[in-house]
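Reader: I have a model open on my screen and would like to learn how to read it. Could we go through it feature by feature?

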Amino acid sequence: MAMFKLKNRIQNYAWGSKTSMADLFGFDNLENHPQAELWMGAHPGGCSELEPLGELLSDYINKNAHEALGRYTTQRYGQLPFLFKVLAAHTPLSIQVHPNKANSERGFELETKKGIALDANNRNYKDPNHKPELVYALTKYKAMNGFRPIRHIISLFDEIALSSLEVELDALKTTQTKDGLKRFFTALMAFSGAEKLAILNEFQDVFERSNMSVMLQLAIGYSQSFAEYYSDDIGILAPLILNIVELEPGEAMFLHAETPHAYVKGTALEIMASSDNVLRAGLTPKYIDVNELISNTSFESIPLEQLKLTPISVEEQLRFPVPVDDFAFDVINVGHSVKEQYTRSAEILFCIEGEAKICTGGTYLTLRAGDSVFIPYSTSSYCHVGKGKLARAYN
Ligand SMILES: [Zn+2]
């Protein structure tokens, strides 16, 4: 069976970079739009087309499910189980949590029963699926991921010493457990009106201080950049509560269900289960459902060392192990000698840099940086040769 070069949709969300995809991959941007996300996959929100005929990947998969996906994936998922993206953030994205699988099923059913339209702004659950994510940095990539250890949260809030949060901080000091953290976070999210403004005013005075611990300095740097866009959003306190993660190009991290996270700045590849379920927790003009958010958040601290993924090196490939089976992700170093690769599912290859020839069944395609190809399951193997780097999405 053939393989197909992909023509992918670019999403022009306001937070996107106007230059990063053009610089890295030479994508046209004549109208100077923000190029936030390039979607590779069959998701209805931005389905890839097969070149040269322009058929939608989703139509192709529906017509040829067993060849395209294999029997197992067809039966288990009924669709391409992953969505693969290039994401280029110029300004911060909202702080968010993705529900787990069971809650997604329950929430989707409940909101459908209540008759809340899929595109209504108070609709939380767009599909019954979970949305674990892996991020692989292409440039330096700034993000927040998971709760800091409680003792660090206490020491940061002790250092800023906001009188308007004294009661909540004392309560956290007395109960340094998941429950205590849940109460502290819930109290912060619940502030509104004058009370919230008092906290934020007092907090923004901290920005002027000259003497700070290193940990606070880094957090305040993030808060300051958030305050430029969302000065009256309680989310500007999030860097004191969540881990700050800065990935170097080539490093990756995993984002678990029920874990608050935010992408702040940088360009990365992102692979996720095919879902759009997002509960927002701040830094957003969009709808926040605090109760739903709290009941879908795990108040477990994650140490910083556990956030980055340690890849397993297999010959010329780096495999980034993930704790879900909706997707798998490798980075392949393409070299001068021809290598054969066996497929176990449908695959999407994206050329990160350089140039690679992909051959199968007597035909070949050349991929340059920014190009991608869909390889159906029934291809069973392909070879690559050239000089460059490929990202490999499969399941
Ligand atoms: Zn996310």
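This is a predicted model: local features need pLDDT of at least 70, side-chain atom pairs count only at pLDDT 80 or more; totals for chains, interfaces and linings use all residues.

Reader: Which domains does the assignment give?

Author: Domain bounds come from an automatic or database domain assignment. Here that assignment lists domain 1 (8-144 + 246-306), domain 2 (150-238) and domain 3 (312-394). The centres of domain 1 and domain 2, taken over C-alpha atoms, are 28 Å apart. Their contact takes 14 residues from domain 1 and 16 residues from domain 2, where two residues are in contact if their C-beta atoms, placed from the backbone, lie within 7 Å.

Reader: What kinds of residues make up the side of domain 1 that touches domain 2?

Author: Ala, Val, Leu, Ile, Met, Phe, Trp, Tyr, Cys and Pro count as nonpolar, Asp, Glu, Lys and Arg as charged, and the others, Gly among them, as polar. On that side of domain 1 there are 10 nonpolar, three polar and one charged. β12 (261-273), β13 (279-282) and α11 (290-295) each supply at least two of its residues; helices (H or I, at least four residues) and strands (E, at least two) are DSSP runs, numbered from the N terminus.

Reader: How do the axes of helix α6 and helix α10 cross?

Author: Axes are lines fitted to C-alpha atoms, for helices over the stretch in contact, and angles run from 0 to 180 degrees between N-to-C directions. The axes of α6 (residues 150-160) and α10 (residues 214-227) come within 10 Å and cross at roughly 80°. The two helices are therefore roughly perpendicular to each other, a label for angles of 65 to 115 degrees (under 35 is roughly parallel, over 145 roughly antiparallel, the rest oblique). His152, Leu156 and Glu159 of α6 meet Met215, Leu216 and Ala219 of α10.

Reader: And strands: which way do the residues of β6 point?

Author: In a regular strand the side chains alternate between the two faces of the sheet. From β6, Phe82, Phe84, Val86 and Ala88 point one way and Leu83, Lys85, Leu87 and Ala89 the other way, and all are buried. A residue is buried if 20 or more other C-beta atoms lie within 10 Å of its own, exposed if 12 or fewer, and partly exposed in between, with C-beta atoms placed from the backbone.

Reader: Which strand does β6 pair with over eight bridges?

Author: Two strands pair if DSSP finds at least two bridges between them. β6 pairs with β12 in the antiparallel sense over eight bridges, with Val86 opposite Leu269. Strand β3 (residues 37-40) also runs antiparallel to β6, joined by four bridges, and Met40 has Phe84 as its bridge partner.

Reader: How many residues lie between β18 and β19 in their hairpin?

Author: Two residues lie between them, and Gly361 in the turn has a positive phi of about 50°. β18 (residues 347-360) also pairs in the antiparallel sense with β21 (residues 381-394), over 11 bridges.

Reader: Last one: is Met3 buried or exposed?

Author: Met3 is buried, with 21 other C-beta atoms within 10 Å. Met3 is found in the segment before β1 (4-7). Leaving aside neighbours within four places in sequence, its contacts include Ile358, Thr360 and Phe374.

Conventions: Residues are numbered from 1 along each chain as its sequence is written.
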